Amino acid sequence: FLIYYYILSAEAFVALKIAEAKFLSISKSGILPVKLQLLHERALHRGHLKLAQQICDELGVLASSVAGVDMELKTEASLRCARTLLAANQFSQAASVAHSLFCKCYKFNLHVENATVLLLLAEIHKRSGNAVLGIPYALASLSFCQSFNLDLLRASATLTLAELWLLLGSRHAKRALNLIHGAFPIILGQGGLELQSRAYIAEAKCYLSDMSISVSEDPDIVLDSLRQACEGLDAL
Amino acid sequence: MPEVPNPSIVKYSLINMETDEEEASRIVPFQLQFDKPVASQIKIAEWNPEKDLLAMVTEDSKILLHRFNWQRLWTISPGRCITSLCWRPDGKAIAVGLQDGSISLHDVENGKLLRSMKSHTTAVVCLNWEDDGGGEIADDNFYISKYEDRTSRFFPPPPRVPRVPGLVPGETGFMDESENLSQELSNSSHQRFNILCSADKDGIISFSIFGIFPIGRTDIHDLSVLCPLANKHVDCKLLNASICKVAFSKDLCHLTVLCSGELQVPGDDLHGFHCLTLDTSIFYRRRNELHQVAQQASNIEDLTEVIRASLFVMSKQWSDAMHTFHDKFDSLSNLIHVNGLDSTPQEEFLSLLGGARTSPAVHQFLENSLGEAGLKRITKLVCGAGKELQVIVLEHLQPAVEIIGFRLGELRGLSKWRSRYQGVGLDETLIDNATEKAGMLLIQVERFMRVLSASVQQFSNFFNWLHKCVKMLMSEPSDQHQLLAFNSELVILFLKYLYDQDPVKRLLEFSEVDQSIEVDVETMERVQELAHFGGFTDFDYLRRTLAKEFQQVESCFKEAFKMPFTTISKKILCQNLLPFFPVDPLPKSASSTVPTSISYYKGGAIEKQERFVDYVSFRLPDEPSSDLANCIVVTKCSMNDLQAVLLCVPDGYQCVDLSLYKECQLVLLLNGPSSVSESSEKACMMIVHADDLPFVSLPSSGASSPWKLEELKDSIVYLQMDSLKVRGIPHNVIAPLAVSASRGVACVFATRKRALVYILDEDEDEILDAE
């Protein structure tokens, strides 16, 4: 369902209501996961982590207990669980959930999903401050994305990679900036508002970290990025 | 042996090629490939920059392409007078400038017309096509990653313009010409960034990327020129100027324009030859962004053409079929009238369907006017047309709209990157509008398909029923095995709604675009509901026809792509203007073609950045009053430091044409010696090393005369034949001289229709003194 990728606002829930009314005849199993996913996103966004965890559990329950069945739903639930743990800064727990998810996906040949899992692992390491461990995961995700033509996820992974490089020091600022600029067309064209804002903020960080750029001489490049980031976040 | 230099006249001796011992075997410079007759006199000739091919334009405006061995590859006649010619830097296409201001691009393989554009209103005098020279130059130390055109990963090759069935392919048929369009289309994705610069007689210079996407235009009369005079910078304007030559610098940062006209400075009117330098650095600084925008935009424009042609073809085919249908069935109305009945054909058919007695009008119509054979024909025609239309939609229209949507999505992403793309005129709002419009068009195509399918099905059903009626009337067995099934209710619907209305035509016809389609309230409510799912804000689209939607889409695209054009045009400014020498004002009709050549050579590397030095060389026009007859000027400019030298050809010789060659060499083509001698040499070609010449620095201000080159009168350099690389030619020669710096070859044309081809880098094999 396309509404899943919509921005997190009242509009999305209005659309959801209409869809529910229209597709009432279709079994609940179609709409309910989407609704739960939307609710989970909103909970994460607002910081209601306990609620988010509850929704995750509900989502997991929807799937059949038979092994190999409802794999997409199980993967989604597991992924969200890991994200919730990450939001709560429970890094090692999040990592272990993600690791076991990776193994499961690998076992069932869900390589496309694994691209997302690898990116999540990179995010976990990034948030825990360990750039050295995070970079290989980001690169692995990148190569998966390239093989499966997952352009938007690839741009997302590139952004994470750039943020990881920035963590390693200001001498990598140029490399990070190039990565971000390479990913900009797709992030701005196809990405969500949160991703776009994240990209602008990372760009601003690069400009600020770069020794060769004197911000006092040319403050506009930083300010422009931050301004565009604000626009995106305001809309959210 | 050097003479004592005379302060006013300097005889300059260049490298002495001869040595005393080898007097017996003179080295003859330039290897002659052949000396052949040509079918007609040639007025323009250009070598292909990548391959050994020579394109020539004859006096009667035919273009010939010859190989190096003079084998002819192809000939084409554009039908109009050709005024200029230029190759694309990769050698795969050639641009032809015409008298009426249009520029056409032709394929190198077979001369097929790829594209024709009306960029100017008067004759296109000069064309110059340059690319960005390759090599990833680190821009501000940021390595800009290569852009990838994602379309080929997600879509099959783009659709071509549909053929009109039954149309005989000919040179003037636009269908045939545009067949190769799509082939060349995908080529723009592989082309390096290049710009075609075209200049016309009225002083308008036009720029287009890949030669197909217009990106800028400037009128030299509108440029504000700062003319340094008497230590003051004054605002001047050019009047009545006509362009002779334009040339890009190799890095696309500058455009040198040679023009003749009147320069208005306060207190004086300078009539003569001027050299303008335009600042086109926007093309260099923004080449990546411009490249990406041009790639997407040019592909979108070409696909729009496919859509327009598809709509045209469909409209024509359907209206032809409907016309035939109505022609045939109108005779029923006449028959009804003749029979004195007061009903319509639909009513008659309905009563027949209902089982009533067949009226004599219908009877006569079905048995005589139409007959079984006639019915079969009309069925085949209408259903065939319907199928054709469906094929066109599925193979041409729909794929084109889908790819346009994708490409616009790419442009949308770029337009949101304001810090990069706003500067080149990619406007976020305009592109957003265009994207939504393209989406609407896709929906309209979908709706059209449904209406078309429904119509065709109804027609087919109606004809099946008629077939059964005809069979029954003729008392032939109407068993169900032979006849196709039909649905009576559908026949009723057909007679009520489709017999005298044409929803397909309504959606297709451009002439009916202003009629809106009625939409009921319930449907409108559903549309509003759907809007909540996002993606569009326009609720009225159902009221528009497909043709109208396309019209709106087209104008939307035009608006969006005009922005880069106007934005870039504003950024092309005049950097410098140098009045070179005075020329008496000629009447506009007289075309003075002064042989000129402009080239940019690599100067020394300064601060790790390659500098380009531009050389401009031309022959002074023959003015009887001038004491500078038979002179050639070579100017050299680097970093605003202008130097020049005035060369005089030896007595008895006249310079016919000249061309700058590689490594700062100048090739001259001279007629002479005029004194009739036993020597069989009536003309000659020579190479002068320009960087060995004694250039005189021309001060930018404080000169006695506003004309820059008047200073040189005091230091004319006389060329000495015996100290230069000279090759005699046994015929009298005329312009043009075609020289290729990249291939090292030259082609000389002689009067009485002859052509001689030389390899400039090699010398003739030693002529042994024997026999």
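Helices here are DSSP runs of H or I of at least four residues and strands are E runs of at least two, numbered from the N terminus. I'm looking at a predicted model, where local features need pLDDT of at least 70, side-chain atom pairs count only at pLDDT 80 or more, and totals for chains, interfaces and linings use all residues. Residues are numbered from 1 along each chain as its sequence is written, chains are lettered from A in the order in which they are written, and side-chain values use heavy atoms, without hydrogens and water.

**Entry: Arg88(B).** I found Arg88(B) in the loop between strand E7 (82-87) and strand E8 (93-98) of chain B. Arg88(B) is buried, at 3% relative accessible area (buried is under 20%, with a 1.4 Å probe and protein chains only). Its side chain makes a polar contact with the side chain of Asp90(B) at 2.9 Å; such a contact is a pair of N or O atoms within 3.5 Å, one able to donate a hydrogen and the other to accept it.

**Entry: H5(B) and H9(B).** I checked the axes (lines fitted to C-alpha atoms over the stretch in contact) of H5 (287-338) and H9 (428-473) in chain B: they come within 14 Å and cross at roughly 20°. That makes H5(B) roughly parallel to H9(B), the label for angles under 35 degrees. From H5(B), residues including Trp318(B) and Phe325(B) meet residues of H9(B), among them Phe459(B) and Leu466(B); contact means heavy atoms within 4.5 Å. I count 14 nonpolar residues there, no polar and no charged.

**Entry: chain B overall.** I get 13 helices and 32 strands, and 52% of the 771 residues are buried.

Notes
Buried < 20%, exposed > 50% of the residue type's maximum accessible area, 1.4 Å probe, protein only. Axes fitted to C-alpha atoms, helices over the stretch in contact; angles between N-to-C directions. Parallel < 35°, antiparallel > 145°, perpendicular 65-115°, else oblique. Nonpolar A, V, L, I, M, F, W, Y, C, P; charged D, E, K, R; others polar.
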